[in-house]
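I opened a notebook page for this structure.

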Amino acid sequence: MSEYILEMKDICKSFPGVKALDHVSLQLKPGHVHSLMGENGAGKSTLMKCLFGIYKKDEGQIIYDGEEVTISDPFDALQKGIAMVHQELMPIRDRSIAENIYCGRYPVKKIGPIKVIDHEKMNSDAQALLDDLGLGFKATEKLGTLTASQMQLVEIAKAVSADAKIIILDEPTSSLTLKEVDKLFEIIRRLTAKGCGVIYISHKMDEILQISDEVTIMRDGQYIGTWPSDELTTEFIIAKEVGRELKDLYPPKINTPGETIFEVKDFDSVLDNSFKDCSFSVRKGEIFGVAGLVGAQRTELMEAIYGLRGITSGTVYYNGQTLKIKNPEDAINNGIALITEDRRGNGIFGVLSISDNVAVASLNDYLLFRVMLDHKKIGEVVDKSIQELSIKTPSAKTQIKNLSGGNQQKVIISRWLAKEPEVLIMDEPTRGIDVGAKYEIYSIIGRLASEGKTIIVVSSEMPELIGICDRIMVMCEGRITGIVEGEDMNQEKIMELSTKFMG
Amino acid sequence: MSEKVSKEKKFDIVQFLVNNALIILIVSSAIFVGLQNPRFFSMANIKNLLANTSVRMVIALGISGVLIMRNNDLSAGRQVGLAGCICATLLQRADYASKVYPNLTPPNMWLVCILVMIGFALTFGVINGLVVTKLHVPAFIGTYGMQTIVYGIALIFTGAQPIGGLINEYTEWASGSFLGIQLIPNLAIITAIVMLVMWFLYNHTPYGKKMYAIGGNPDAAEVSGINTTRMTIVSYMIAAALFALAGFMLAAKAGGTSSNLANGYELFAIAGCTIGGVSVNGGTGKVSGILMGVLVFEILKIEMTFLGIDTAWTYIVQGIVIVVAIALDIRKYIAKK
C-alpha cells in the first residue's frame, strides 16, 4: 500500500493550439491538504478536470488508492469517492437546498414494488448535515434564496455528504467573506481528521500557507515542484509561479495620459447587492485599471456603463457632455466599446467566420447605395486586422470557434478597432490565453492609449494591472474603495482596498 | 497557404455523401421513378411540381429568418390560410351567387395582394414579434397562441363556409405559364423573385449579417450593438408578409378556399428549412439549401403518387425523411465540436 491516496503521473492534455498540461504530476496523502498554485491559465483547473473525468487526459497515469484507474466522467469520479467543488457553481436555484445536496443520488424508499424518493429522509439528512457543519440554513429552503457565498458553502456540504476520499476545492473562497473562510477551514480540518485528502486551489497566499500541508506549483501547463508549506514564503511562491522577472511580461509604457475626458457619476444598480455610488473619471490616453475580488461588481458596473444592465441613477460624460446610453447600441454610437469578460458567452459568434465576427459591429460603415454591403471593403478591413494584430488563422473565412483563445480575443479587439471607439473598456482581456498572446494584447492596449484612446482594463490579475496601467481603481462589494497610482500601485495596497468591507 | 489547401480540400467520400445526401436522394429516386413511369418527366408533371413547390417555398422563406434567429412561428399555416380567404373573398366574381360581399366590385388583384401583405406584416408580424421580445413568451408557445387566434378569425371571417367563384383573371394567372413557356408556371416567377430578394437580404445587407449574428449568439449580438428586439420584430413582419403572399398564391391555385386552407403547413416549412441546412441551433441557413429542403418534400410526394403508394405510407415516409435529415444535420454539428 503506498503512502499516497492519489498519484497523478505525467499527465498531458492538449487543446487546439495550446498544450494545457505538459507532464504534470501530483501526489496527495490521506488526511493532508495539498494546494495547487499557479497563475491563471497555468493548468490547475484543467488538471483537476482530468482527475474528475470532465476532460480526458491525453497521456499519463492516475493511481488512486493503490490502483491505476480510468475515470470516464464525473459520475464515475463520485462513485469512486472523488468529489469536486467547482470554481463556477452550477446551482439549481429553484429546488431546495436538500435536493441540491442529494441531486442525482436521492434517498429512496419502497412503496410496494415501486421505488419513490424519500423526501423526509432527504430533508432530515440534509438538515443534520447542515447542522453538523454549523451552517445555519434550512434544508427545505430554495437554494436561490441564498447568497452566492452561501451557495458555495452548500456546495461544499454536498461534497462532504458524498463521503468522498478526495475532495477538490477549486477557488472555494473567491466569493466568501473572512468569516465564511474560517467556517470553510473548520470543515476542511474535520475532513482531513477523518483521513480525507483535500486538493485546494487558490490564489490567496495567506490562505494557502495557513491551511495546506504541501504546495504544488504549476506554470504554463508545466509542473514546477512540490514543497511542504512550512518551508514556503509568499515571495518564493510568486517567483516560482511567475518564473521570470516581471519586467519581461509587459511591454514598455508608451502612452502619456492627457486631460480628464471620460466621467462616470453616481452609478447605482437596480439590484440591492450590486454596485452603489460609483463615480470615477479617466483621462484621455490613459490606461485605467479596475481591480477587486470576484464579486466586487466590477463587470456589473462596466456593463451598466455600456447599457447592458439596469441602473437607478448614473450619468456618463465624455468631453463634458452627457451621453444618453440606454443600450449597447447607444454606447457604441457614443464611441464606447466593451470587450466582455465571457468571451464564449457574449463575445464570439462561434459558427460565424472571422470576417463576420470582425464586421458585425460596424456593418453600417460598409454600405454601397445605402443598403448593400461592400464585401470588398469588409475584406480589406479584415485582412488589415489579421495582419496588424497578427491573428493566426488559415483564412478570414475560418469559423472563429476553431481559433485559440488568444486569437479569438484578437478578433474581438479587431471588431472594436474597426469601429474606432474613443473609450475602450476591456473586461479580463487576457483571461485564459497564453503568455505570448498576453504580451501582444498588452502591446495593443499600449499602442491604442498612445494614440489618444481611453482604455479601461478590468482584471483579476493584479500583476497585470500593475504592469500596464497608469492608475488602478479598486472595488469591494460594489463600492469604489480607492484609486492607487505611482508608489501605491502594489499588491498589498490593492489587496487591502479589495477587502475593505469584508470580514 | 499550400498547407491550408491540402487540409480543406482533402476529399472524403463519407463526408461528401453526408453533405450531399439530399441531392443524391432527389436525383436517384427521380431516375428510379422515371424509369418505372416515364410520365414522371412529362411537362405537365414538372409544371405541377414547380407550382406546388413555389407556394411551399415562399412559406419556408418566410419562416427561415425567424428560425435562423432561434425563434419559431407556428402560426405560419393559419396565416397563409387566412390570407387566402381574404384574397378569395375580395376577388369573387361580381355575378357569383353566394358572394360574401355582394356589392363589392373585385378590385385589382395585385393591389389586394400587396395590401394583404402589408396588413399581415403590421398586425400578425408585429404582434408575434412583440409577444416574443417584449413579453418574453417563448416563440414556440407565443406563436402557437397566434395559430389558434388566426384560425378563429378565419372561421368568423368565412362563416366556416367555403369560398368559390374567384374572378377568372386571378385563377387563370395562377394556373398559367410564364410567357407561354409550358414548363414555368407564373407562380414560380413570383417565388423566384422572392428568392432573389431574400438571397440579397440575407447575404448582402446588414440585416442579413445581423440575423446570422443573433442566431449565432444572441448575447454577443446585443453586446455588439445589434438591436435584437427590433430585428426579431422585423423578422416576424417579413414572415407574415410572405405568408400573406403564399395565401394569395395558394387560394388562386386551388381555385377556391376554406378556413382550413394551408392547415399545418408551418411544420412542412420548418422541416424543409431544417432539412435544407437551417441549423436547429440557429445562425446558419442559405436560400439555396431551403429550396433543396422544400424540393425534397414535394418530389418525394409526387414520386410516391406515381408509384401508386397508399397515402398512409407517404406520411410514414415523410416522417422518416424528416428525422433522418435532421439527424444528419445534427451529426455535422456534433462532429465539429
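**Ground rules.** I am working with a predicted model, in which local features need pLDDT of at least 70 and side-chain atom pairs count only at pLDDT 80 or more, while totals for chains, interfaces and linings use all residues. Residues are numbered from 1 along each chain as its sequence is written, chains are lettered from A and ligands numbered from 1 in the order in which they are written, and side-chain values use heavy atoms, with hydrogens and water left out.

Entry 1: B:Cys87 is in none; its nearest cysteine sulfur belongs to B:Cys113, 6.4 Å away. I then looked up burial, where buried means under 20% relative accessible area, exposed over 50%, and partly exposed in between (1.4 Å probe, protein chains only). B:Cys87 counts as buried because its relative accessibility is 0%. B:Cys273 also has 0% and therefore counts as buried.

**Entry 2: a strand of chain A.** Strands are DSSP runs of E, at least two residues long, numbered from the N terminus. I picked β15(A), residues 287–291, and noted that five of its five residues are buried. On one side sit A:Ile287, A:Gly289 and A:Ala291, and on the other A:Phe288 and A:Val290.

**Entry 3: its partners.** Two strands pair if DSSP finds at least two bridges between them. β15(A) pairs in the parallel sense with β22(A), residues 454–458, over four bridges. Here A:Phe288 stands opposite A:Ile456. Four bridges also join β15(A) to β23(A), residues 471–476, again parallel. There I found A:Val290 opposite A:Met473.

How values were computed:
A disulfide is a pair of cysteine sulfur atoms within 2.5 Å.
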